[in-house]
Amino acid sequence: MEKIGYDEIASIFNAASMRIRENIKELSALDAATGDGDHGTTMGRAMDAVEKAVSESAGSDLKTLLYNIGWGAMCIDGGSTGPLMGSLFMGMSDAVADKESLDCEALAAMFEAGLAGVRKQTKAKVGDKTMMDALEPAVKAIREACDAGKSVPEALAAGAEAAMKGAESTKELVARFGRAKNLGERTLGHQDPGATSIALMFKGFAEAFK
Amino acid sequence: MKKMINKPEDLVNELLEGFALAFPERIKLIGDRIVTRANPKEENKVALVTLGGSGHEPGLSGFVGPGMLDASVPGEIFAAPAPDRCLEAIRVSDQGAGVLFVVLNHAGDVLTANYTMDMAMKQGLNVRMILIHEDIGSGPPEEPEERRGLVGFLPVIKIAGAAAEAGLSLSEVYDVASRVESNTRTLAVGFKGATHPVTGELLANIGENEMIVGMGQHGETCGDTLPMKSADEIAELVLPPLLKDLGATAGDNLLVLLNGAGATTLMELFIVYRKIHQLLGEREIRVARNRIGEFITTQEQAGFQLNITRVDETLVTYWDAPCDTPYFTVCK
């Protein structure tokens with residue numbers, strides 16, 4: 001597949017939502033180790049908003065779809081999760097402009113713009129034990145796959161794999177952001193729930209084409 | 001978990017409904033769960049708006065009313081509300097003189113507040129944000145951005161709220177708030193963790209014979225775990241680092257707040273306050289004003305937050321100015 005359009009983008013978000021929903025309990029359990037145990041239910045509410053935005057955006061264009069998804073996630077009363085997920089998707093919306101379909105180059109640019117949107121909100125970097133540990137490698141892997149001439153599904157698969165590795169790497173890290181930061185060394189050995197959510201989303205994105 | 005709730009997903013809505021029914025003359029709920037004054041402030045006076053997770057009652061919505069906050073935006077349990085609701089609260093509270101947006105330094109609150117400020121600027125609203133970050137337990141003095149916002153919000157909104165009622169401009173109210181904020185310090189002690197009322201998770205696991213000095217608002221622990229001590233020993237442990245951090249010395253006037261975390265009895269608070277007062281007297285530091293009670297809690301967490309604010313005559317005058325909110329009143 002060389003290009004994807006509105007319907008494919010809508011379907012990758014629905015697939016991501018399904019992946020998150022299947023893991024709500026697991027995400028809350030990860031959060032319970034270093035936080036207050038509500039990350040799964042918060043992500044569940046974010047995915048409610050994503051699915052609602054997808055269904056209500058029917059008939060609109062790609063930019064509007066992504067903007068609505070982002071705005072929906074932003075407005076869930078979800079502590080840090082709402083603004084971070086919201087700015088990721090709204091950032092992606094900025095990059096698609098008036099495009100009707102995305103080739104691999106445009107797909108990579110879209111995810112890079114999403115990452116830039118998150119960076120505007122947080123100073124967290126790779127290594128800080130946050131969602132960035134999954135998001136940055138995922139976006140980088142998608143970019144590299146596109147530069148190597150891979151197809152859109154191959155690039156998304158590479159993104160999913162990098163995100164999962166990144167999420168798993170957080171077990172070896174000490175938290176430097178958010179509420180978990182206050183636990184310091186005691187966060188070692190625990191996988192970061194935010195990074196895991198990102199990995200599950202990218203897994204969903206890739207699986208939409210299987 | 002043994003808590004008197006109905007469905008966990010209805011918890012926040014039901015607590016707000018009950019709160020509004022309990023104080024119909026002082027506050028009301030408008031729009032999407034925004035707590036505002038029952039009667040709006042006079043025109044051309046600066047408004048104060050804040051945001052924060054629920055589960056900390058009476059904080060923060062308990063201080064909405066004449067002389068303090070104009071609106072509060074409650075989030076889900078321990079989670080910041082969404083930026084669109086904060087923007088709406090700012091818009092409805094503005095009486096033509098602008099809004100002071102009071103934000104406690106916690107990751108989610110700050111993300112939401114920054115996004116709200118971006119939108120407010122784009123829409124040409126007249127808003128200034130003040131960050132409360134006075135917890136000396138969560139960061140060293142040279143890293144003030146690491147310090148979280150605890151009960152230190154109370155002197156800021158009481159004093160800045162009075163300045164706003166007195167008719168000061170937004171930049172003047174901001175300066176007053178900023179002066180209070182830079183002169184306030186808090187240190188918290190925890191003896192027993194709370195449970196999250198939705199997830200049932202224990203927020204902090206503290207041993208039966210242990211206590212934590214430097215306890216966060218949600219049971220985050222970054223301080224030292226020590227053997228449990230007596231009231232007098234605890235007072236002797238928490239007061240000196242606060243005085244040192246503030247640079248308080250003989251002759252200074254302090255506003256002293258002792259905030260119960262939720263499960264600590266007034267009996268215990270009075271016993272520990274007695275020692276704090278004595279220790280200040282020994283150092284010839286004057287207790288200009290004080291309050292002992294529950295201002296911001298964390299469910300059934302046991303412990304307290306000790307807050308001191310260095311005040312001058314002007315700040316004391318604002319502290320003494322009348323206010324009428326559900327959980328903080330100064331009579332005329």
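Me: What makes S5(B) and S6(B) count as paired strands in this predicted model?
Reply: Strand S5 (residues 99–104) of chain B and S6(B) share six bridges in the parallel sense. Pairing requires at least two bridges, so the two strands qualify as a pair. Within S6(B), Val127(B) stands opposite Val99(B).

Me: In what order do the strands of the open sheet in chain B run?
Reply: The order is S1-S2-S4-S3-S5-S6 (chain B), six strands with mixed pairing.

Me: Why are S1 and S6 of chain B said to stand at the edges?
Reply: Strand S1 (27–30) and strand S6 (127–132) of chain B each have a single partner strand, so one side of each lacks a neighbour in the sheet. Between neighbouring strands of this sheet the turn is 25° on average, direction ignored.

Me: Which strands does helix H4 of chain B touch as it packs on the sheet?
Reply: Helix H4 (residues 153–165) touches S3, S5 and S6 of chain B. Its direction makes about 155° with that of S3(B).

Me: Where does helix H1 of chain B lie?
Reply: Helix H1 (residues 11–22) lies across S1, strand S3 (47–54) and S4 of chain B, at about 145° to S4(B).

Me: How many residues of chain B are in contact with chain A, and what makes a pair count?
Reply: A pair counts if the C-beta atoms lie within 7 Å; by that cut-off, 27 residues of chain B are in contact with 25 residues of chain A. H3(B) gives the most to this side of chain B, with six residues. By class, the side has 12 nonpolar, 11 polar and four charged residues.

Terms used
Residues numbered from 1 in each chain as written. Chains lettered and ligands numbered in written order. Predicted model: local features only at pLDDT ≥ 70, side-chain atom pairs only at ≥ 80, totals over all residues. Contact = placed C-beta atoms within 7 Å. Helix = DSSP H or I, 4+ residues; strand = E, 2+ residues; numbered from the N terminus. Nonpolar A, V, L, I, M, F, W, Y, C, P; charged D, E, K, R; others polar. Axes fitted to C-alpha atoms, helices over the stretch in contact; angles between N-to-C directions.
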